[in-house]
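Take a look at the fold below before you read on.

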Amino acid sequence: MIIILGAGPTGLGAAHLLNTSKQIDWRLFERNSHVGGLSASFVDDNGFTWDIGGHVLFSHYDYFDTAIEEGLRGTYFEHLRESWIRILQTWVPYPFQNNIRHLPPEALDSCLEGLRSQRPDFKKSANFREWMDAIFGEGIVKYFMEPYNRKVWGVPLETMGKEWLGERVSVVDLSRVQKNIAEQKDDVNWGPNNRFKFPKTGGTGAIFEGIARPFQDRISFDHDLVAVDLQAKEVTFANGRSEKYDVLINTTPLDCFIKKCVSVPGAVRDAAKDLVHNGGLIVGLGFKGKRVDPKCWMYFPEASSPFYRVTNFFNYSPFNVPGGDIKNNFSLMCETTYSPHKPVDKERIIEDTIQGLINTGMITEAERGRIISRYLIDIPYSYPVPTVGRDRALEVIQPWLESQGIYSRGRFGGWKYEVGNMDHSFMQGVEVVERILTGKTEITINGKL
Ligand SMILES: Cc1cc2nc3c(=O)[nH]c(=O)nc-3n(C[C@H](O)[C@H](O)[C@H](O)COP(=O)(O)OP(=O)(O)OC[C@H]3O[C@@H](n4cnc5c(N)ncnc54)[C@H](O)[C@@H]3O)c2cc1C
């Protein structure tokens with residue numbers, strides 16, 4: 001018996017492949033009464049649809065692309081990924097470093113000066129903060145990299161490693177930046193190959209509802225894992241049910257999972273304490289009125305708003321607003337990080353978000369009066385932070401779990417941010433099942449994309 005814990009993208013990836021075999025006995029247990037995990041969506045009482053923060057589908061995998069097609073059966077829109085940065089009262093296209101020509105003269109000079117005096121050397125830096133200084137120089141770090149990353153991660157940037165950065169942050173080519181300035185050219189990453197799919201109805205969550213439909217009867221909802229008996233190979237849920245397993249695939253947060261296991265060696269327990277995460281507050285605001293703004297999502301590095309990112313969610317599908325009526329409604333989805341290093345007043349976050357939208361010029365004072373829906377989602381686990389000590393901790397935890405017949409995968413099951421998006425997570429689930437069944441080496445969790 002293979003038991004999967006969690007019906008987010010990772011658990012569903014594992015289930016999707018297991019469902020192709022008639023011989024294997026498997027079940028999936030999920031705490032919530034719906035699938036999707038952090039990639040689920042909700043419709044509020046006023047008819048606005050919300051994701052848990054702006055979810056944009058990037059796929060690196062044919063297998064996942066096929067699963068999406070099966071799940072959505074053509075009922076999606078395709079959009080160009082268009083993202084911008086709001087800074088110094090102006091808009092700079094993403095990636096920031098390639099488009100600094102949009103900055104006011106003083107900031108532009110400072111960014112250029114920093115870039116010119118740089119001799120980028122990846123090896124010289126010991127952590128994320130030092131890496132930034134080494135790659136971007138003083139100006140870009142001061143105006144964008146440092147304040148933005150502090151807002152997103154909510155931890156001191158010196159505590160973060162640099163190994164995870166691989167494909168995540170585009171580095172700088174000074175001659176290209178200078179050419180962009182000379183030619184007054186925008187250097188953006190939303191060319192024709194940067195399209196993303198978004199479901200017509202039901203938000204991002206519709207992808208995973210569609211994928212889960214063929215094996216819905218194998219999923220037991222409202223099952224909150226409370227204990228794992230490693231000796232007896234048995235999981236127990238808050239509702240009192242227990243189930244035996246031969247192999248366990250965990251996709252719930254790894255630090256919590258270790259706490260639920262009986263008889264864990266001290267070294268593993270200690271390593272799990274080194275795993276750091278932040279939390280997120282997603283504020284969805286539904287407005288009466290029409291908004292014309294083609295941007296998909298926007299980054300906000302400055303202190304004038306609590307949020308680090310806002311999505312023009314009404315642009316993704318008209319059905320994200322009541323009755324599909326985007327002539328008379330629009331919706332903004334705003335994400336704020338909280339952590340022990342960055343406490344946020346949850347009672348005030350909706351009001352602070354609205355004020356932040358006004359401060360940054362996103363909405364006018366008059367539009368404050370046209371808000372007809374306020375929706376708050378609190379996610380205690382938002383980003384698995386790639387700290388300096390993360391890989392050391394995982395090297396202690398994961399081999400020990402595998403020696404017990406337990407495979408922990410996914411955004412918080414595997415705790416690797418750099419392979420923690422929806423496509424990576426889904427494929428971590430698929431690949432771990434392939435490994436269990438055929439011995440094939442996993443690619444995604446090992447970072448070999
Ligand atoms: C703010 C934000 C923005 C994001 N934006 C993007 C994006 O633009 N593009 C992208 O590709 N990805 C994005 N992601 C990442 C995406 O949400 C994840 O990749 C994906 O949801 C991870 O899937 P998972 O199955 O590993 O984990 P989860 O989605 O967290 O699923 C884990 C499941 O385990 C269940 N569970 C937890 N504890 C228990 C328990 N005790 N018992 C039983 N079940 C339990 C949960 O209820 C959940 O259903 C974003 C994430 C966040 C937080």
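What radius of gyration would a compact globule with 449 residues have, and what does the protein chain have? The globule would be near 22 Å, and the protein chain has 22 Å, which agrees. The radius is taken over C-alpha atoms, and the globule rule is 2.2 Å times the number of residues to the power 0.38.

This is a predicted model: local features need pLDDT of at least 70, side-chain atom pairs count only at pLDDT 80 or more, and totals for chains, interfaces and linings use all residues. Residues are numbered from 1 along each chain as its sequence is written.

**The whole chain**

The C-alpha trace spans about 65 × 55 × 40 Å along its principal axes. The protein chain holds twelve helices and 21 strands. These are DSSP runs, numbered from the N terminus: helices are H or I with at least four residues, strands are E with at least two. Of the 449 residues, 47% count as buried. Buried means that 20 or more other C-beta atoms, placed from the backbone, lie within 10 Å of the residue's own.

Two residues are in contact if their C-beta atoms, placed from the backbone, lie within 7 Å. Among contacts between residues at least 6 apart in sequence, 74% join residues at least 24 apart.

**Domains**

The bounds come from an automatic or database domain assignment.

| Domain | Residues |
|---|---|
| Domain 1 | residues 2-40 + 204-276 + 387-438 |
| Domain 2 | residues 41-59 + 77-82 + 190-200 + 279-382 |
| Domain 3 | residues 95-182 |

The C-alpha centres of domain 2 and domain 3 lie 26 Å apart. Nine residues of domain 2 are in contact with nine residues of domain 3.

**Around the ligand**

Which residues come nearest to the ligand? Of the 38 residues around it, they are Gly6, Gly8, Gly37, Gly53 and Gly410. A residue counts as near if its C-beta atom, placed from the backbone, lies within 6 Å. Helices α1 (9-18) and α12 (422-438) each give two or more residues to this shell. Domain 1 and domain 2 both give residues to the shell, so the ligand lies between them.

**Helix α9**

Helix α9 covers residues 349-359. Its buried residues are Ile349, Asp352, Thr353, Ile354, Gly356 and Leu357. They pack against β15 (279-288), β18 (329-338), α10 (365-368) and β19 (371-379). Just after α9, glycine 361 takes a positive phi of about 80°.

Technical notes. Buried ≥ 20, exposed ≤ 12 C-beta atoms within 10 Å, placed from the backbone.
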